[in-house]
Amino acid sequence: MKRLIALVLLLALALSFAACAKKNETAETVPDTSDPSPTQEVTEVEPTTETGIPEDFSFSLVYGIAGDLTYDSETGVLVKQRVATHVEDYTTTYFFTDEQKQRVYDLIVAMTPASYPDEYNPIDERIGSEPSYEIVLTVTYNGVTKRITCHNIAIGAAPKDEQGEKFLAVLDAILEILVASDEWQALPEYEFLYA
């Protein structure tokens, strides 16, 4: 069975190469009638990983009351409560799997980070809570870094629009993965609880 699957994949790959070669051959025989413009730029394609994620893809998150939780995907450093007396007891290292990275990357691309202002509130500004959340999401890919900072975000409130939904979907995905990890589970309970 494995040989049959390998044979089918090899045949599909060969047909794909043949189609590409035929397309290139046809393209060479058709004269180029486009007007070459000196202002046209040739853009380089950023190198990607095997999963199609740009090699420079990374993100960091500051999240929660007083921005307690912090995570950096490049270093893997995860802090559960950075205001703890002994913050080192609340610090661990966690790296996302390729599948988890792909999930977060797809959500980040879908949200189009560049479309967000640097200071943003995903919730209707008229809604508040005490305490409130601080959120800083920083994403880098294809040579561009975008930081979105959110102050005094109402806890538990619904997003104000589709842009807010997409932003919160990214946060939810990251937090779901982090909190479910064995590394997070091994950390002590919160030292400080907020009323």
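Predicted model: local features only at pLDDT ≥ 70, side-chain atom pairs only at ≥ 80, totals over all residues.
Figure 1. The protein exposes about 12800 Å². Carbon and sulfur atoms supply 56% of that area. Of the 195 residues, 33% count as buried. The secondary structure comes to 4 helices and 6 strands. Along the sequence, the pattern reads α-β-β-β-β-α-β-β-α-α. Among contacts with a separation of 6 or more, 66% are accounted for by residues 24 or more positions apart.

**Figure 2. The open sheet of 6 strands.** The strand order is S4-S3-S2-S1-S5-S6, and the pairing is antiparallel. Strand S4 (91-93) and strand S6 (144-153) are the edge strands. Each of these two pairs on one side only. From one strand to the next, the twist averages 10°.

Figure 3. S1 and S5 run antiparallel and are joined by 8 bridges. Thr140 has Thr145 in S6 as its bridge partner. S5 and S6 form a hairpin with 2 residues between them. Asn142, in the turn, has a positive phi of about 55°.

**Figure 4. Helices H2 and H3 against the strands.** Helix H2 (residues 98-111) lies across strand S1 (58-65), S5 and S6. H2 runs at about 95° to S5. Helix H3 (residues 162-180) packs on the sheet. H3 touches S1, strand S2 (69-72), strand S3 (77-79), S5 and S6. The direction of H3 makes about 90° with that of S1.

**Figure 5. A salt bridge between Arg103 and Glu176.** The two side chains meet at 3.3 Å, N to O. Arg103 lies in helix H2 and Glu176 in helix H3, so the pair ties together parts that are 73 residues apart in sequence. Arg103 counts as partly exposed, at 36% relative accessibility. Glu176 is partly exposed too, with a relative accessible area of 48%.

Figure 6. A search of the whole structure finds 5 salt bridges. Lys166 and Glu162 are 4 residues apart in helix H3, so about one helical turn separates them. Lys166 is partly exposed, at 32% relative accessibility. Glu162 is exposed, with a relative accessible area of 54%. Arg126 is exposed, at 76% relative accessible area.

**Figure 7. Ile53, a buried loop residue.** Ile53 lies in the loop between helix H1 (2-29) and S1. At 4% relative accessibility, Ile53 falls under the 20% cut-off, so Ile53 counts as buried. The C-alpha atoms of Ile53 and Asp106 are separated by 8.9 Å. Along the chain, Ile53 and Asp106 are 53 residues apart.

**Figure 8. A nonpolar patch on the surface.** Val83, Phe192 and Tyr194 form the patch. Together they have about 240 Å² of accessible area. Tyr194 sits in the segment after helix H4 (182-185). Tyr194 is partly exposed, with a relative accessible area of 35%.

Definitions and conventions:
Residues numbered from 1 in each chain as written. Heavy atoms only, no water. Pairing = 2+ DSSP bridges. Axes fitted to C-alpha atoms, helices over the stretch in contact; angles between N-to-C directions. Contact = heavy atoms within 4.5 Å. Patch = residues over 30% accessible without salt bridge, like charges linked within 9 Å, V, L, I, M, F, W, Y side chains within 5 Å. Areas by Shrake-Rupley, 256 points an atom, 1.4 Å probe, with all protein chains shown as cover. Salt bridge = Lys/Arg side-chain N within 4 Å of Asp/Glu carboxyl O. Buried < 20%, exposed > 50% of the residue type's maximum accessible area, 1.4 Å probe, protein only.
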